[in-house]
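Here is a quick tour of a single-chain model. Have the sequence and the coordinates open as you read.

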Amino acid sequence: MSLPTMSLPAMRLRHGHRHHHRQRGAALVCALVLMMAAMLVGVSVCRAVFASIASAGAERERSIAHEAAEAALRDAERDIASDASGTDPARAAQFTEPGAGGFVDGCGRAGSARGLCLASSPPAWQVQDLVEPDNPALVAYGHYTGAQLATGQGLLPARPPAYLIEKIVPPGAGEALGSFYRITAVGFGSRGTMQVVLQSVYRKPKPAPPPPSSAPGEAGDIGQAPDAAAAPPDGAGPPSGNPAPAPAPVQLPAGRIGWREIVNWPQLHAQAIE
């Protein structure tokens, strides 16, 4: 019995259908690969956009906290200078040599001595919890100066900034240079989870002595002879040789001498309380 034979046109038609199916399968694979590549590019772009938004938000929060901490530094400097209207005399007396009894170990916590600390090791700005809302050793912004700072809405700080003040004696600083204070201030972002800690050194010069009053008959009055010590005796000439020049006094600006940001304050605080 002979098998049925297929004509040549039928064989060509069958082979053409198989070749067409293979082409359709290859096109489908290429389309899937291109679609997958487009999805990966889209995901990468979305991740980059979201990362940029998060970075911009974090930078905005940090800027708000930094500005708040700087405001607290300026408020503390007004507190030390006692130049704010309505300054409490008891508070102002703390920043004079006779009345600086409020600076104590562990920082003052009430009255006119709040936030005043003696220099210690480790320093008070490391030991004290600067982010605790009810820490009595911290001075809230405007507590003594009466200054006001809006908080709690929109792009404003979530909490008022605060500060503490340490009385220090820098190496080589004599009594004639006045008093030196180290101010540590903390500011918060709009969410409250962002904190920035700034620190400055403030110099308050000694009060200028009153000008001497000249009594009648003293040197310098009209018609009076100059002081005998001002004129050399008869026959005495100027001293031989050139006198040695007097050493130039140390020049330091009054007010803020310098400042810095303490970016690792949480780690320093954790080590200080261990």
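What follows goes from the overall fold to salt bridges, the surface and the cores.

## Ground rules

This is a predicted model, so local features need pLDDT of at least 70 and side-chain atom pairs count only at pLDDT 80 or more, while totals for chains, interfaces and linings use all residues. Residues are numbered from 1 along each chain as its sequence is written, and side-chain values use heavy atoms, with hydrogens and water left out.

## The chain at a glance

Walking along the sequence, you get α-α-β-α-β-β-β-β-β-α.

Of the 274 residues in the chain, 29% are buried; buried means under 20% relative accessible area, exposed over 50%, and partly exposed in between, with a 1.4 Å probe and protein chains only. The accessible surface of the chain is about 17800 Å², and 62% of that belongs to carbon and sulfur atoms. These areas come from the Shrake-Rupley method with a 1.4 Å probe, and for residues only the protein chains shown count as cover. Contacts (heavy atoms within 4.5 Å) reach along the sequence too: among those between residues at least 6 apart, 64% join residues at least 24 apart.

## Salt bridges

How many salt bridges does a search of the whole structure find? The count is 10, taking a salt bridge as a side-chain nitrogen of Lys or Arg within 4 Å of a carboxyl oxygen of Asp or Glu. One of them pairs Glu61 with Arg60, with the closest N and O atoms 3.8 Å apart. Glu61 is buried at 2% relative accessible area, whereas Arg60 is partly exposed at 37%.

Arg74 and Glu70 make another, at 3.4 Å from N to O. They sit four residues apart in helix α1 (residues 8-81), so about one helical turn separates them. Arg74 is partly exposed at 37% relative accessibility, and Glu70 is buried at 15%.

Then there is Arg91 with Asp79, where the closest N and O atoms are 2.6 Å apart. Arg91 lies in helix α2 (residues 89-93) and Asp79 in helix α1, so this pair ties together parts that are 12 residues apart in sequence. Both partners are buried: Arg91 at 1% relative accessibility and Asp79 at 2%. Shared partners also link Glu70, Arg74, Glu77 and Arg256 into one salt-bridge network.

Met36 lies in helix α1 and is partly exposed, with a relative accessible area of 48%.

## Inside the cores

In soluble globular proteins, nonpolar side chains tend to be buried together. A nonpolar core here is a set of buried Ala, Val, Leu, Ile, Met, Phe, Trp, Tyr and Cys residues joined through side-chain atoms within 4.5 Å. The largest one has 19 residues, and those with the most contacts inside it are Ile80, Phe95, Phe103, Tyr163, Ile165, Tyr181 and Ile183. Two or more residues come from each of α1, β3 (162-168), β4 (179-188) and β5 (195-204), with α1 giving the most, six.

Leaving aside neighbours within four places in sequence, Phe103 contacts residues including Phe95, Leu116, Leu118, Ile165 and Tyr181. A second, separate core has 15 residues, among them Trp125, Leu130, Leu164 and Ile262.
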